[in-house]
Amino acid sequence: MKRQPSFLSTDAARPPVTPPLCVFGATRHLHFPARTGLRACAGLPLLWRRGLVESDRPPACLACGGMACIAAERARRAGDLSAAGNMSERPDPAGKAALVRGLLLPLVTALSLLSRFYRLSEPQHVCWDETHFGKMGSYYINQTFFFDVHPPLGKMLIGLAGYLTGYDGTFLFKKPGDKYEHHHYYGMRALCATLGSCLVPFAYLIVLELTRSHNAALLAAVFLIFDTGCITISQYILLDPILMFFILGAVLSTLRFNAMKDRPFSLPWWQWLVLTGVNLAGALGVKFVGIFVILLIGINTACDLWHLLGMLDISLVEFGKHFLARVWCLILLPLVFYTTLFAIHFVVLNKSGPGDGFFSSAFQSRLIGNNLHNASMPEHIAYGSIITMKNVRTAGGYLHSHWHLYPEGVGARQQQVTAYLHKDDNNLWIVREPDLSADIDGPIKYVQHGDIFKLEHKETSRNMHSHQHKAPLTKKHFQVTGYGIVNGTGDSNDFWRILVTGGQNGDLIKVLRSKIRLMHVATGCVLYSSGKSLPKWGWEQVEVSCSPYLKETPNSLWNIEDHINAKMPNISLEVLKPSFPEILLESHVVMIRSNSGLKPKDNELTSKPWHWPINYQGLRFSGTNETEYRVYLLGNPMIWWLNLLGLLIYVLLFSITVVYLQRGYQPGHQVRERCNVTLRAARYVLLGWILHYLPFYLMGRILYYHHYFPAMLFSSMLTAITWHIVLQSSDLLLSHQAAERVYTGGVICLIIFCIYSFYLFHPLSYGMIGPHAQDPLSPMAGLRWMESWEF
């Protein structure tokens, strides 16, 4: 069968112009009379944006030589509007479309605000993770240093909102259920509710930008307005609404920037590009999962640059300008903004607090109130010095010993050596030369990289010792004990070699700054803090062992924190304070290690990524029994399952479209426009869902249900676009009027469907008191459709 020539081929690109050419098909006829000389061409989107094409949506690129559009544009600029001819005999629809958009956007924004702020002050007690992020907001107000696994922007905004609304930072946020009483907590919740409310108009504008359909945009907004999960997660002092605000802000900004392609380097072009970079930095500054939206925008930018490179009318110099503009605004500017957040974070949190122990001794010396702040001590370690050693790993303890012995059956029954998380006199050790006959009253002799020495416990006079008995908990390691008689006499298993990371023979050991390893001379193992807590016989302190695995890890690295030696001059620790780049790097290392190592607490409810799209299990935000005010985080089941169905339908539509075009069929304009939406607009949203969901399958850390909500935003927008395409396609089978009725009826049914399901499940968000769902008298009776739901 002979294939028809492509519409994009040279022959088809220049159709006869004598009869008027219909550009928009059944619903939007746009005729160019023959006298204008205009053809339907690739320049039409440009004319539409500049007002020459009167329509409420842009034409698709239909390709011709393009010269007619250039002539029309020149005529418009010259003021000769008659050159464009009478473009439509019908009434101008643009004013009506503008009126509709002018009403719909404020309407969905108002509904979003109403749904998020309704009963925002309830319950008047701490709910779920408010105990963490509310407390961290208090730390900012009090300038007290703390540690968290996330970057600081979200907590800084929460603290600022509390401060500006009268909260004084004195509430303790000890545990969920604690009453707020007279404390001003509303402002912190209001910040999260406001940013959560912005997700709806953002989604509306994103879908509108991608499809030019107000109906599709309205569906996306409705899915988010009436989703109980989105409402709940926006009403409490949490990082999630702040994170999602920056994610959708970045997506909307980059789409608006893409719409400025015909006006490169204009003021709006720069504004949207800069705003994209700021939103990217904001997303990463709230949580590290903001990296996913950076990947999405990065892929879009790479494709955009590749397209520009292929445009032969753009010189390489011009392309270089485009490239440098994106490097500056999407890489350097976000990096500066992100780094500035940490600079503010470190300046504000300048007082010693609960986060000190997670960081190195040098880091702690910056903090007012820490025992190392403004302290002075000898700079380099010498024989005879009294020292404390701190493990470098996150929340690493101090090398510690006490009079208690290991119990029977746990290695040799000798003195325990452990790691202890607090300051204590039992953390003090004396550095001894291996030869006990050495003159301790002689001249100062510094300890150097590679030296062999002994560590004598100051309180008990036992030497730190190891042998080939198994460690108490880490059975592949050797036991570390305190051994010897009171005068420090021991045996050859008391000798250790000191090694400085990156050091060379002759290098001295510097307090705070040098990272050292202690290698046991007899067995070749290295001193190691496993992080495992000993049983009660070990006072639940941390196990210290000797590891035969010599790979350098934080568990095997130590630093000297305290140093006492009366023979040596003291120096101020001010000169040893780390620089800003050093503390920035250290804070990221600690955050990433802690984040990847998060484990569930006892009886804590976790979930798996496959649970999330099917709404398998929610989270209890507040209350457990019938007399308590209960809030349960669960997405609106009908909307979430509709999203799942929409995803499957879209994959089917995409496959059919690709095969349809690959086989060489030439669709009409309407079908072509839908194909463009299916292959480009919806694919972009699908990529956003994939990037914000699938990486969780690769994560080893503990996962929770709320991690899916950024992906859920993309899923809802994809569902709106998919149903818009499906309902539009009814005109392939029905007459124009019947197809319009089907489309309108379908959109109305979807909206009613969402509103009704919200009516059923709204107590999950706004609170329940009384019997649980299995009780016929419960407000949720008959709605516990899955056994895994716990409301």
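Which residues form a disulfide, and how far apart are their sulfur atoms?

1. Cys525 and Cys546 form it, with 1.9 Å between their sulfur atoms; a disulfide here is a pair of cysteine sulfur atoms within 2.5 Å. The structure holds 1 disulfide. The pair links distant parts of the chain, 21 residues apart: Cys525 sits in the loop between β12 (516-520) and β13 (526-533), and Cys546 in strand β14 (residues 542-547). Helices (H or I, at least four residues) and strands (E, at least two) are DSSP runs, numbered from the N terminus.

2. This is a predicted model, in which local features need pLDDT of at least 70 and side-chain atom pairs count only at pLDDT 80 or more, while totals for chains, interfaces and linings use all residues. Residues are numbered from 1 along each chain as its sequence is written, and side-chain values use heavy atoms, with hydrogens and water left out.

3. The torsion about the S-S bond of Cys525 and Cys546 is about 95°, so the disulfide is right-handed. Cys525 and Cys546 are both buried, where buried means under 20% relative accessible area, exposed over 50%, and partly exposed in between (1.4 Å probe, protein chains only). Cys230 is buried as well, at a relative accessible area of 3%.

4. The largest nonpolar core has 148 residues, and Met717 and Phe791 have the most contacts inside it. Such a core is a set of buried Ala, Val, Leu, Ile, Met, Phe, Trp, Tyr and Cys residues joined through side-chain atoms within 4.5 Å. Another core, of 36 residues, lies apart from it and includes Ala419, Ile498, Val500 and Leu512.

5. Leaving aside neighbours within four places in sequence, Phe791 is in contact (heavy atoms within 4.5 Å) with residues including Tyr632, Leu634, Leu764, Met768 and His772.

6. Asp304 is found in helix α12 (residues 291-309) and is buried, with a relative accessible area of 7%. Its contacts, again leaving aside neighbours within four places in sequence, are Phe257, Lys261 and Arg326.

7. On a 1 Å grid over the protein atoms alone, a cavity is a set of points where a 1.4 Å probe fits but cannot get out; lining residues have an atom within 4 Å of a point.

8. Of the 15 residues that line the largest cavity, Phe146, Asp148, His150, His345 and Met591 are the closest to its centre. Helix α13 gives the most to this lining, with 3 residues.

Notes. On a 1 Å grid over the protein atoms alone, a cavity is a set of points where a 1.4 Å probe fits but cannot get out, and a pocket is an open set with protein on both sides within 12 Å along at least five of seven lines; lining residues have an atom within 4 Å of a point.
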